[in-house]
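Biologist: I would like a close look at a single part of this model. Please take me through it.

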Amino acid sequence: MSVLSHVMKFEQMTKIPLDYEKYNDQPAEPYEMNVLSQVISNEQMTKITSGFRRLGDRCYLDNAGATLYPANLLDTINDDLVNNVYMNPHTDKYTKDCLEQIRCLVLKHFNTNPSTYSVVFTSGTTQSLKLVAESFQFSGVQDNLASGSFVYLRDNHTSVLGLREIATDKNADIIHISHDDFLESLASTQQTAWRDSNDANTLFVYPAQSNFNGYKYPIDCIDKIKSGCLNHYVKKHLCKINCNWYILLDAASYVSTNKLDLSENQPDFVCMSFYKIFGFPTGLGALLIKNSSGNVLSQKRYFGGGTVDALLSDEDYHIKREILHERFEDGTVSFLSILALKHCFDNLNKLIPKVINNDLMDTISHHSYYLAKDLYQQLLLLKHNNGAKAVMLYMDSEFNDISKQGSIVTFNLMRENGTYIGYTEFQHMADLFNLSVRTGCFCNSGSCQRHLMMTNKDMKEMYKAGHRCGDEVDLIHGKPTGAIRVSFGYYNTFNDVDKLITMICKCFVKTTVTKPKRYTDYNVNETKKVIKPDKPNSIFHRLINDTAYFRDIKNILNIPHADSKIALKEISIFPIKSCGAFKIDSAWKIGPKGFEFDRDWMIIKDTGVCLTQKQNSRMCMIRPTIDLKRRLMILNFKGKEPISVPLDITTQGKFKNTSMCHSKVCTDMVKGYDCGDDVADWISEALEVSFLRLIRQADEDSRIQKKKNNEDIKLLSLSNQAQFLLINKATVRWLSKQIRDPMFTDDIDQLTDRFRGNLIIDMDEELVERDWQKVFIGKHEFKVEGQCPRCQMVCIDQQTGEKTVEPLRTISEQFGGKLRFGIYLSYVGTIDASNDNVLVVYAPIKAKADDDISR
Ligand SMILES: *Cc1c(COP(=O)(O)O)cnc(C)c1O
């Protein structure tokens, strides 16, 4: 529709003379001092807005409705989906690992980690809210009389108010608190002294930021609420009192332009929608559950695919999964959208210069806050020619504290004679000027009623008079039924504020306003945190100096168990996880995480997920060797010049946080140093996969062995389960005899290599190692941690990278489907309590089985 026909239509509809032409001769805006942002330089801002050219001359001011995605984000996502094969995560471990990795990214964005919070992917805030209310255990388990309470702030989003119905069904007491009372209760120092042993639970819901006017409610009050500052509300309503407060934070509006730091304040549940942060994808949100509060969500009824551990189809029997996100994600998650999230985080991080506190979201919140503040200040001063106030603002803060106000301004306009201009009328003019704003009540009737001063009676009468939520009836008896909401995002600039003000002045107020002084305040950089250079990795400085290393080999060989018939045959380390072995012919040092340099490095994909042989069988053909004299790790690959990386981290590269995804849960965040572009390119070429990086595990990263029965904690390198893997060659020989496939031509050594053991022993008897509890090698004591579960990786010929069916088929056949081969060991110490930590090849071995442990 052309502007003209739009105007005509509008004129017919409203019968208001359209005289903005007359005002076109207003002085042109002083563009010579055209500052775009208070915090981001014009140059950087221009770069950011270049991703939003599709807007043309549309001025988008509804960030709180949905933020906008930059154009190149979709290119990146498209590239990923076009070039990679993603499958149902229940089918494909790699896809699942990618999702686990993204859960970690989400948590990292909120400055927390998987040991504190779990990420449950949902379709959005609304579903997250519902999930909590439906699963929440309100009533006491023992004391059935205690029904529990659902407490909410009246100024919540409609999606929260709807939880009332669920809570009512569960017999919870429904209690609401007004905006003023809530803030007053938080401010009062008066502590409710009593506590009750009643075991019913209270669920309290409030927004971190109002979607109505951007007011930020305190988030640092979680502990205060938990310790009872709102107890008097519950007390009034109940004869039986409880104070087990659980806090559900509606962060949907807040996180779209603010940093939520969950390391400081920890609500039990946090919900959000990702389109409000990134603009894309829609239909995806999250519920963050504090792990320690997961138990109270015990009333989940429905179960769907992927959420149960056991199930009978013809009997009322099912057991829900233990892991929180597995229990709450019914059916297949929106995995392609979740995969897109990674690019959303990356893209935004690249796009926005981290000007404030060296932080992405802090920069966005300051940038957009100052735009809103600028608009607020202009509206505040906007007057008609007769001096009458032109704007009625509906704010709860005066833009003097960024911790209390977000980037939203809500108001109505008034005529010279003091009557209101309806929001529908405003909306039509805004459309005409290509301005996108939101009008109405924005799904927040509590705030709407409070600010527009409508009583419940008013509301009911308006309904009777025919007004419906979302309709165009903007005034009833001259009183507004809704308002105009302007909200800013990172892509907005002061130009957008100007366009809005110009439109208001041309259409409704017919005056000029003086703009507040604008400047890009580089001083805010002062708050920028100094990034400390990464510490050199101490362990590598106190490494074996090599002369001492082999000095006392003779001494070392003079060790107990010399009578033993078994000896250590081989020591292998795998410096890069999943790559080839480095076989050691003399002796090697045991470090705190296993053999020194064993799985100290890993190769990661651009998704941040660790690459393994399962995805790329060529990895075994990268053969690292360690040169202790020159202090280098040298990588060899057939047909390529070797390349080396230093063993000591002195000129270390970027510090990367990646996470490793093991079998089921991705709980391990691994900290590491990036080894630089040269080796990254070399590896990418060798493996024929783009954008690989080599990462060195950082010293302070302490992955610990998954504990069984609270036993002592062992540090781990990047190996999968335990510090050491022991393989008995006799068992390999035995297995070889069982394999009947004529196509399988491995000799014993080749077959042994497939099991990728660190410690290779040779005995007369096969399979005996399966009963061992303790192993003594030379003077070193090891504890057996169990048998090593096997997967398709043993089917990769470690020389050629070719995949075969054997030996996995035979292992499965021989062990009744239990794919186990080799035993895991952890290091206990020396039997003579000496500091000697070198293990020597040919050292004699003694083992103790279950029944002959004497101590
Ligand atoms: C947007 C919003 C919601 C609803 O989010 P959906 O994505 O529609 O589920 C709830 N609460 C607040 C504060 C919001 O801003």
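Leaving aside its neighbours within four places in sequence, which residues is C443 in contact with? Please set out the surrounding pocket too.

Modeller: This is a predicted model, where local features need pLDDT of at least 70, side-chain atom pairs count only at pLDDT 80 or more, and totals for chains, interfaces and linings use all residues. Residues are numbered from 1 along each chain as its sequence is written, and side-chain values use heavy atoms, without hydrogens and water.

C443 is in contact (heavy atoms within 4.5 Å) with N156, H157, T158 and N211, its neighbours within four places in sequence left aside. C443 sits in the loop between β15 and α17. UniProt, in an unreviewed entry, places the feature "active site" at C443; such annotations may be inferred rather than shown by experiment. C443 has 37% relative accessibility, so it counts as partly exposed (between 20% and 50% of relative accessible area, 1.4 Å probe, protein chains only).

Now the second largest pocket. Its volume is about 1100 Å³. A pocket here is an open set of points on a 1 Å grid where a 1.4 Å probe fits, with protein on both sides within 12 Å along at least five of seven lines; lining residues have an atom within 4 Å of a point. The volume is the space filled by probe spheres set on the points.

The lining has 37 residues; S445, G446, Q449, M459 and C469 lie nearest the centre. It divides into 11 nonpolar, 17 polar and 9 charged residues, with Gly counted as polar and Cys as nonpolar. α18 gives the most, 5 residues. α6, α16, β15, α17 and α18 each supply at least two. Domain 1 (3-60 + 357-509) and domain 2 (111-322) both contribute, so the pocket lies between them.

How values were computed
Helices (H or I, at least four residues) and strands (E, at least two) are DSSP runs, numbered from the N terminus. Domain bounds come from an automatic or database domain assignment.
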